[in-house]
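Biologist: I have this one open in the viewer now. Could you take me through how the helices pack, and then the pocket?

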Amino acid sequence: LAALIRANPEIAALSDVMMGAVDFGHHELAEWLLGRGASANARSSFGSKGTALHSAAWNGDLRMVKLLVTAGADVNELRVERMLKITIPVTCVVILLFGAPLATSTQRGGAAYGVGVSLGTTVVFLMLIQLMKAVGGKGLIPPDLAAWMPSIAFAIVGAILLARVRT
């Protein structure tokens, strides 16, 4: 590999070369590649299309994670993913808060209307989660806040709907 890279230095910067070193736990090779211009934010061109940091974390290779973070790997995407593991269960309460007023209201259209509104809000909620994952992953807003934003927004709307329900 060293002779190949001496002949064509651009090879060291290829993401797939770095991903191979990370995927197979070759710490010395990864460090050597980083020293020759490989990106700590290398992204797989196949499969999950995850970053080198994702791969090292998935494999439980703490030494590789430390090496990549020290070399400047972007941790925002993983921070959003970690926080989503907490926020998704909270979503059950948010859905209850949002759905209860819709279920108790007597609108024209009957059950079909309720099912349609439920499906529509679910799609909007899931799209908002994906949007916030991207925004938080890019560091435009703090990753922890990005993970909580969909639940916060729907909880506020749910509280307003619940307050307006006639008892």
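**Helix packing and a pocket**

Modeller: Helix 6 and helix 8 (residues 143–164) pack at an angle of about 5°, with their axes 7 Å apart. This is a predicted model, in which local features need pLDDT of at least 70 and side-chain atom pairs count only at pLDDT 80 or more, while totals for chains, interfaces and linings use all residues. Residues are numbered from 1 along each chain as its sequence is written, and side-chain values use heavy atoms, with hydrogens and water left out.

Biologist: How are helix 6 and helix 8 oriented to each other?

Modeller: Helix 6 and helix 8 are therefore roughly parallel to each other (angles under 35 degrees count as roughly parallel, over 145 as roughly antiparallel). By class, their contact has 19 nonpolar, five polar and three charged residues.

Biologist: And at what angle do helix 2 and helix 3 pack?

Modeller: Helix 2 (residues 15–23) and helix 3 (residues 27–35) pack at about 155°, with axes 8 Å apart, and that makes helix 2 roughly antiparallel to helix 3. Val17, Met18 and Ala21 in helix 2 meet Leu29, Ala30, Leu33 and Leu34 in helix 3, where contact means heavy atoms within 4.5 Å. The residues of this contact comprise seven nonpolar, no polar and no charged.

Biologist: Which residues make the contact of helix 3 with helix 5?

Modeller: The axes of helix 3 and helix 5 (residues 62–70) come within 10 Å and cross at roughly 5°. His27, Glu28, Ala30, Glu31 and Leu34 of helix 3 make the contact with Arg63, Met64, Leu67 and Leu68 of helix 5. That set divides into five nonpolar, one polar and three charged residues.

Biologist: Switching topic, what volume does the second largest pocket have?

Modeller: The second largest pocket has a volume of about 200 Å³. On a 1 Å grid over the protein atoms alone, with a 1.4 Å probe, a pocket is an open set of points with protein on both sides within 12 Å along at least five of seven lines, and lining residues have an atom within 4 Å of a point.

Biologist: Which elements give two or more residues to that lining?

Modeller: Those are helix 6 (76–104) and helix 7 (110–137). The lining includes Thr91, Phe98, Thr121 and Phe154, and its residues divide into six nonpolar, five polar and no charged.

Conventions. Axes are lines fitted to C-alpha atoms, for helices over the stretch in contact, and angles run from 0 to 180 degrees between N-to-C directions. Helices (H or I, at least four residues) and strands (E, at least two) are DSSP runs, numbered from the N terminus. Angles under 35 degrees count as roughly parallel, over 145 as roughly antiparallel, 65 to 115 as roughly perpendicular and the rest as oblique. Ala, Val, Leu, Ile, Met, Phe, Trp, Tyr, Cys and Pro count as nonpolar, Asp, Glu, Lys and Arg as charged, and the others, Gly among them, as polar. Grid points are joined across faces, edges and corners, and a volume is the space filled by probe spheres set on the points.
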